[in-house]
Amino acid sequence: MTWVNQDKCAIVGVGATDYYVRGKSWPRTINDMAGEAILKACADAGISVKQIDGFAYYSTAGAGYLDKFDTASLMETLGIPEVGFSATLTSGGGGVAGAPGLAVAGLMNEDCKYAVTVMSLQQLPQHRLGVVFGAAAPSAENSFLQPSGLVGPGHLMSVLARRHMHLYGTTRDAFKEIVQATRANTHNRPKAIRKEPLTDEQYWGQPMLADPLCRLDFCLETDGAVAVITTTTERAKDLRHKPALIHGVAHGGQAEWGRAFAWMGMPDPYFASSGHAYVAKRLWEQTGLSAKDMDVAELYDHFSAMVLMQLEEYGFCEKGGGNDYVLGGNIRFANRDKPGAIPVNTHGGNLNEAYIIGMTHVVEGVEQVRGTAINQVEDCEFALVTGGPASLPVSGMILRRA
Amino acid sequence: MAYGAARALPGEGIKITTNPDTEPFWQAAKEHKLVACQCGNCGHFRMPPSPYCPVCQSTDKKWPELPGTGTVFSFAICTHNPKNGEPYVYVPVVVDLDGASPARLVTNLGGIDADDVKIGMKVTVDWNPIEGDWVLPVFKPAA
């Protein structure tokens with residue numbers, strides 16, 4: 001059944017700071033970078049920051065789970081006079097593609113007129129993102145996980161990748177291809193952290209951080225901020241750019257995935273998956289579309305293996321077919337005209353460009369349907385953007401060219 | 001590449017906390033008994049222990065002693081002690097617990113070359129003293 005709010009709202013402005021290697025953004029602050037991203041997004045949209053009256057966050061409004069955002073502080077620092085909507089998706093980066101959907105809820109309820117979604121990330125030496133094995137004693141729940149020495153998200157997900165290899169014969173060659181194929185998209189991107197082509201020798205020479213995953217299967221750790229502005233499609237007519245219509249958007253998931261790699265209780269086939277089955281089903285039901293209708297896929301790539309599992313769950317290939325699909329060259333931008341292919345992470349993704357907890361994927365999706373991307377897919381009508389795999393909710397969004 | 005012998009992480013520095021739902025598991029472990037949380041109403045097993053049975057929503061719990069054996073469901077191989085960064089080969093492992101399906105434990109597998117660990121292999125519980133006079137169940141290959 002067609003989604004009641006289909007194409008009624010749109011992303012109309014995007015803004016970002018430079019991207020910095022972890023810790024290198026100092027002496028800038030979280031709010032300094034968030035402010036720059038929001039002001040640039042307003043300028044891109046063609047509105048004044050004083051017109052912002054809604055905030056739709058994710059990652060519990062946490063700046064990389066470290067500092068916290070606060071609507072009142074952002075109003076104070078940026079001079080935003082009134083706010084009628086301030087809400088956040090729970091859990092972590094899995095909500096990034098769903099946050100503009102939260103903005104749709106505020107807009108369609110007439111709580112606000114222009115909603116901003118922002119992430120500003122800074123890791124100073126005393127705070128490291130995603131560290132499971134802290135000096136402090138774990139919670140009672142995490143006492144069933146932390147003593148295993150699975151020290152961070154990549155270590156946790158390596159266990160899922162291993163199960164996928166066991167069940168379906170998936171190989172590390174496919175993980176290498178995911179890293180190389182998306183690395184090939186950054187050579188012409190000025191702000192990307194990793195721009196050099198990645199050779200086989202370089203990949204195979206990387207240390208194994210958590211076998212079967214090596215260092216380059218883990219995403220970058222970067223500082224920076226990204227903001228996007230969502231408004232109604234009606235208002236978007238008066239703004240600077242062609243709007244990126246929110247054609248479908250969903251967040252959530254099913255109990256079989258649940259806390260995912262934080263509990264490891266998922267039955268097969270959910271264990272060796274990305275946890276996106278529910279969100280994928282909802283997106284396709286909302287829109288009547290399927291994977292073959294997508295022109296580009298910006299898939300959350302905190303770890304290479306999880307890209308492969310998303311390709312399966314969104315139906316770009318069959319379950320268990322991810323290895324052969326990837327190795328067939330089907331996710332390369334250069335092969336985008338090949339039948340059955342889908343260019344993935346045309347911006348280089350979290351693995352190569354920058355990791356701002358998925359916000360760069362939203363920006364790239366917007367630029368693709370605007371037709372202004374650096375690595376532009378010709379005649380791009382539909383862009384899929386995802387957030388997660390992570391503890392629920394995970395999320396997905398389909399942007400449509402106006 | 002060959003990783004060599006895998007050991008459970010050293011117990012010094014490993015901490016846990018408990019709450020009323022999880023405490024019986026850890027008290028049993030102190031006595032080298034492997035138990036799991038079972039619903040007192042419908043018999044469904046769940047780990048980590050939680051307030052409600054996800055099947056029937058009962059809060060009744062039982063803590064039957066298990067055979068102490070299981071099957072490797074998946075694993076990773078890590079090479080550095082997270083406490084100090086020094087080289088240390090260990091195998092974080094997800095174990096399907098015999099007699100308590102679908103409950104699992106996430107812990108370490110030792111007493112084996114890391115290169116020889118396979119999904120599906122049978123393992124048996126071992127006991128690793130950790131901080132606070134608690135004992136952590138870890139696993140070794142079944143005899």
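Q: Which residues in H1(A) meet which residues in H2(A)?
A: Asn31(A), Ala34(A), Gly35(A) and Ile38(A) in H1(A) meet Ser73(A), Leu74(A), Thr77(A) and Leu78(A) in H2(A). Contact here requires C-beta atoms, placed from the backbone, within 7 Å. Helices (H or I, at least four residues) and strands (E, at least two) are DSSP runs, numbered from the N terminus. By class, this contact has four nonpolar, four polar and no charged residues. Ala, Val, Leu, Ile, Met, Phe, Trp, Tyr, Cys and Pro count as nonpolar; Asp, Glu, Lys and Arg as charged; the others, Gly among them, as polar.

Q: What kind of model is this?
A: The model is predicted: local features need pLDDT of at least 70, side-chain atom pairs count only at pLDDT 80 or more, and totals for chains, interfaces and linings use all residues. Residues are numbered from 1 along each chain as its sequence is written, while chains are lettered from A and ligands numbered from 1 in the order in which they are written.

Q: How are two packed helices described?
A: By the angle between their axes and the distance between the axes. Take helix H1 (residues 30–45) and helix H2 (residues 71–78) of chain A: their axes come within 11 Å and cross at roughly 70 degrees. Axes are lines fitted to C-alpha atoms, for helices over the stretch in contact, and angles run from 0 to 180 degrees between N-to-C directions. H1(A) and H2(A) are therefore roughly perpendicular to each other. The classes: under 35 degrees roughly parallel, over 145 roughly antiparallel, 65 to 115 roughly perpendicular, the rest oblique. H1(A) passes H2(A) in a right-handed crossing. Right-handed means the near helix is turned clockwise from the far one by less than a right angle; left-handed means anticlockwise.

Q: At what angle do H4(A) and H9(A) pack?
A: Helix H4 (residues 153–168) of chain A packs on H9(A) at about 50 degrees, with the axes 9 Å apart. The pair is therefore oblique. The crossing of H4(A) and H9(A) is left-handed. Met157(A), Ala161(A) and His164(A) in H4(A) meet Ala305(A), Met306(A) and Met309(A) in H9(A). That contact divides into five nonpolar, one polar and no charged residues.

Q: Why do residues three or four places apart point the same way in an α-helix?
A: Because an α-helix has 3.6 residues a turn.

Q: How many residues of helix H9 of chain A are buried?
A: Count neighbours: 20 or more other C-beta atoms within 10 Å is buried, 12 or fewer exposed, in between partly exposed, with C-beta atoms placed from the backbone. Ten of the ten residues of H9(A) (304–313) are buried, so the helix is largely enclosed by the rest of the structure. Among them are Gln310(A), Glu312(A) and Glu313(A). Just after H9(A), Gly315(A) takes a positive phi of about 90 degrees.

Q: Where is Gln206(A) found?
A: In the loop between helix H6 (200–204) and strand E8 (208–210) of chain A. Gln206(A) is partly exposed, with 16 other C-beta atoms within 10 Å. Beyond four places in sequence, Gln206(A) touches Cys214(A), Arg215(A) and Leu216(A).

Q: How many residues of chain B are in contact with chain A?
A: 28 residues of chain B are in contact with 27 residues of chain A. Strands E5 (69–75), E6 (78–80), E7 (87–97) and E8 (104–109) of chain B each give two or more residues to the chain B side. E8(B) gives the most, with four residues. By class, the chain B side has 18 nonpolar, eight polar and two charged residues.

How values were computed. Two residues are in contact if their C-beta atoms, placed from the backbone, lie within 7 Å.
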